[in-house]
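Please read these notes with the model open beside you.

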Amino acid sequence: MKTNKLNFLSGLTFFLFATVITINSCNREELNPGPVPEDTQLMQAIADTSDYQYTVFHPTIVQSVSNSPREFERVRINTIGNGVLDNNGRLPKGTIFPNGTIIVKEAFDGLNGNLIQYAIMKKETSNKYARNGWLWYEVNVDGTKPYSIGMKGQKCINCHTKPANTDATRTFDLR
């Protein structure tokens, strides 16, 4: 009888320990899974700039007008996303960007400065890493990735879901 209790308690302890380890591993992976294949795919998608147009608001490097962590920026959008903007470069009220839209914010170290970083959003609602329908990614020009798609927009989403924002974007409602 004592052996059965001891075996039961040992088994229960092992089960609880294994459950805790599994849950913690999943949570850690969820918070920062590290680089994912989508990171590389997105960099390949923005490499050919012929499919992009600089926005009406950011045709040249400008100083940010929002609480953006990037002080100097220029924004381009691919043909898919540009096709839904109105003549003033705004997203019409009630409209959302279609899947495949890619918005690239180029960050610079000054008005006439050097390109230092890309902050990229890609509309891909069915992707497991999407948050609010978007993939969120940042990469420095030296190739270091401060923000993988696998992080699911954790650092971005607070500002990008403010009431005035349109489809979790900021550029098209700030000016």
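1. Start with Arg70 and Glu138: both are buried, a term that stands for under 20% relative accessible area, with exposed meaning over 50% and partly exposed in between (1.4 Å probe, protein chains only). Their side chains meet in a salt bridge, N to O at 2.3 Å. A salt bridge here is a side-chain nitrogen of Lys or Arg within 4 Å of a carboxyl oxygen of Asp or Glu. Arg70 sits in the loop between β2 (62-63) and β3 (72-78), and Glu138 in strand β6 (residues 134-140), so the pair links distant parts of the chain, 68 residues apart. Helices (H or I, at least four residues) and strands (E, at least two) are DSSP runs, numbered from the N terminus.

2. A word on the basis. This is a predicted model, in which local features need pLDDT of at least 70 and side-chain atom pairs count only at pLDDT 80 or more, while totals for chains, interfaces and linings use all residues. Residues are numbered from 1 along each chain as its sequence is written, and side-chain values use heavy atoms, leaving out hydrogens and water.

3. How many salt bridges does the structure hold? There are six salt bridges. One of them joins Lys105 to Glu73, with the closest N and O atoms 3.5 Å apart. Lys105 is in strand β4 (residues 102-108) and Glu73 in strand β3, 32 residues apart. Both Lys105 and Glu73 are buried.

4. Strands β4 and β3 also supply Glu106 and Arg74, respectively, which are 32 residues apart. These two form a salt bridge whose closest N and O atoms are 2.7 Å apart. Shared partners join Arg74, Arg76 and Glu106 into one network of salt bridges.

5. Arg76 has a further contact: this residue lies over the face of Tyr52, 4.9 Å from the ring centre. For a charge to sit over a ring, NZ of Lys or CZ of Arg must be within 6 Å of the ring centre and within 35 degrees of the ring normal.

6. The count of aromatic pairs is one. Rings of Phe, Tyr and Trp (its six-membered ring) pair if their centres lie within 6.5 Å; planes under 30 degrees apart are stacked, over 60 edge-to-face, and the rest tilted. Phe97 and Trp134 are edge-to-face, 5.9 Å centre to centre and with 75 degrees between the planes. Because Phe97 lies in the loop between α3 (79-82) and β4, and Trp134 in strand β6, the pair ties together parts 37 residues apart in sequence. Phe97 is buried at 1% relative accessibility, and Trp134 is buried at 0%.
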